[in-house]
Amino acid sequence: MMKALVYQGPGQKSLEDRPMPQIAAPTDAIVKILKTTICGTDLHILKGDVPTCAPGRILGHEGVGVIDSIGSGVTSLKKGDCVLISCITSCGKCDYCRKGMYSHCRDGGWILGHKIDGTQAEYVRIPHADTSLHKIPDDADAEAIVMLSDIFPTGFECGVINGKVKPGDTVAIVGAGPIGLASLLTAQFYSPADIIMIDIDDNRLEVSKQLGATQTINSVKENAVERIMQLTDNTGVDVAMEAVGIPATFVLCEDIVAPGGVIANIGVHGVKADLHLEKLWSHNITITTRLVDTVTTPMLLKTVQSKKIDPKKLVTHRFTLQDILSAYETFGKAADTRALKVIISAA
Ligand SMILES: NC(=O)c1ccc[n+]([C@@H]2O[C@H](COP(=O)([O-])OP(=O)(O)OC[C@H]3O[C@@H](n4cnc5c(N)ncnc54)[C@H](O)[C@@H]3O)[C@@H](O)[C@H]2O)c1
Ligand SMILES: [Zn+2]
Ligand SMILES: [Zn+2]
């Protein structure tokens, strides 16, 4: 038996003894978890916002671990290898995978800790192990690398790549949560002139400054649109990233995008948001949406190994799997605890 954090239906979770996962298909691997973490999406599941996640599910889609066993069809990994687990499972063979759109894999996508048991446990079964795991050096910093399961590819692919950030650009990122901060760090690969972070939490704005924001705006204390227009000679920003997931922040991006600019939506939206085409039809803008594909994970791993980025800067708290309920408590009250990412050690 092993310990696992189990979703028990809206508002309920428990740390339970569960049977060890077993290889179910030749392409599976069983990974012994070293480090995992909690995502805002896990909180959405617990609120009951993700009906496709059934009660009884072990949560978690982020992790670093060691291969414990492999199916007979796994060719590129072996027992004892250290691996990063991608939040997106991909078969590598279907039409979507062949286009690099792993998020829409016909036999994968976001299933971990959602449609199949996840990583907040001592062991996890990973389908399509060859293409859903990334081998990492034995001495790699697991706490830094576990940030690459989800938040760094998300901030980079949905925000920076889709936003087409270029040297000299003025970039605004609405939402300074872990995802917005990952966008902030990875936008700097492209040397934008200015990165303006907008949030309602002064602590997160302070962290943003330490991580390279050139300006910060608390949109409760001041009018964000007016401030952006002041900062940009009444032009607006070249790239507006939406990293919150509510109508007001998407509309804010519409209000601050410059003619010719890009609105890169990252947030998961539960309700409709207004699109002001009566104003934007003539502004030559682009609006992008994306579910993270994790196609950039190998590239991001290199930038962490070479110390171009340090994802560990987002780690604020550490717990053991035994204490995962306290980890949820701390992560769920981020405004009070100043939590960004909480590391959970399972071994
Ligand atoms: N597209 C994808 O593939 C993908 C993947 C993972 C997460 N997401 C989504 O990205 C979004 C950000 O994730 P996160 O983990 O950083 O979330 P988070 O909740 O930690 O951060 C959101 C931030 O927005 C701020 N905020 C709230 N209301 C605001 C407002 N009115 N104006 C300005 N700021 C406001 C909060 O203070 C917080 O700092 C979420 O919607 C999440 O579901 C998308
Ligand atoms: Zn996530
Ligand atoms: Zn596929």
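E329 is partly exposed, with a relative accessible area of 46%; here buried denotes under 20% relative accessible area, exposed over 50%, and partly exposed the range in between, with a 1.4 Å probe and protein chains only. Its side chain meets that of K333 in a salt bridge (2.6 Å, N to O), a term that requires a side-chain nitrogen of Lys or Arg within 4 Å of a carboxyl oxygen of Asp or Glu. K333 is likewise partly exposed, at 42%. The model is a predicted one, in which local features need pLDDT of at least 70 and side-chain atom pairs count only at pLDDT 80 or more, while totals for chains, interfaces and linings use all residues. Residues are numbered from 1 along each chain as its sequence is written, chains are lettered from A and ligands numbered from 1 in the order in which they are written, and side-chain values use heavy atoms, with hydrogens and water left out.

A further salt bridge joins the side chains of D141 and K312 (2.8 Å, N to O). D141 lies in the loop between β7 and α4, and K312 in the loop between α11 and β14 (315–320), so the pair ties together parts that are 171 residues apart in sequence. Helices (H or I, at least four residues) and strands (E, at least two) are DSSP runs, numbered from the N terminus. D141 is partly exposed at 33% relative accessibility, and K312 is partly exposed at 29%.

## Other salt bridges

By the stated rule, the count of salt bridges comes to 19. One of them pairs E62 with K341, whose closest N and O atoms are 3.0 Å apart. This pair links distant parts of the chain: E62 is in the loop between α1 and β4 (63–70), K341 is in strand β15, and 279 residues separate them. Both E62 and K341 are buried. Elsewhere, E16, R18, R57 and D117 are linked in a network of salt bridges.

## The zinc site

The zinc ion (ligand 2) is coordinated by C39 (SG), H61 (NE2) and D150 (OD), at 1.7 to 2.2 Å. Donors are N, O and S atoms within 2.8 Å of the metal (3.2 Å for Na, K and Ca); water is not among the atoms, so sites may look incomplete. The donor residues follow the spacing C-x21-H-x88-D in sequence. C39 lies in the loop between β3 (29–37) and α1 (40–47), and D150 in the loop between α4 (142–145) and α5 (151–161), so this pair ties together parts that are 111 residues apart in sequence. C39 and D150 are both buried.

## Nonpolar cores and buried helices

The largest nonpolar core has 48 residues, and those with the most contacts inside it are F152, L181, M197 and M241. Such a core is a set of buried Ala, Val, Leu, Ile, Met, Phe, Trp, Tyr and Cys residues joined through side-chain atoms within 4.5 Å. Helix α6 (residues 178–187) supplies the largest share of this core, 6 residues. Apart from this core lies another, of 34 residues, among them I33, L46, V50 and I111.

In α6, 10 of its 10 residues are buried. L181, leaving aside neighbours within four places in sequence, is in contact (heavy atoms within 4.5 Å) with A176, M197, V207, S208, L211, L314 and L340. Of the 11 residues of α5, 10 are buried, so α5 is largely enclosed by the rest of the structure. The buried residues of α5, including F152 and F156, pack against α6, β11 (237–242), β12 (257–265), β13, α11 (297–305) and β15 (341–345).

## Surface patch and backbone features

L275, L277, W281 and I287 make a nonpolar surface patch of about 450 Å². Patches are made of residues with over 30% relative accessible area and no salt bridge, where like charges are joined within 9 Å and nonpolar side chains (Val, Leu, Ile, Met, Phe, Trp, Tyr) within 5 Å. Accessible areas come from the Shrake-Rupley method with a 1.4 Å probe; for residues, only the protein chains shown count as cover. I287 is found in strand β13 (residues 286–288) and is partly exposed, with a relative accessible area of 36%.

K164, a residue other than glycine, has a positive phi near 55°. K164 is placed in the loop between α5 and β8 (170–174) and is partly exposed at 46%. D233 is not a glycine either, and its phi is positive at about 55°. D233 lies in the loop between α8 (224–231) and β11 and counts as exposed, at 71% relative accessibility.
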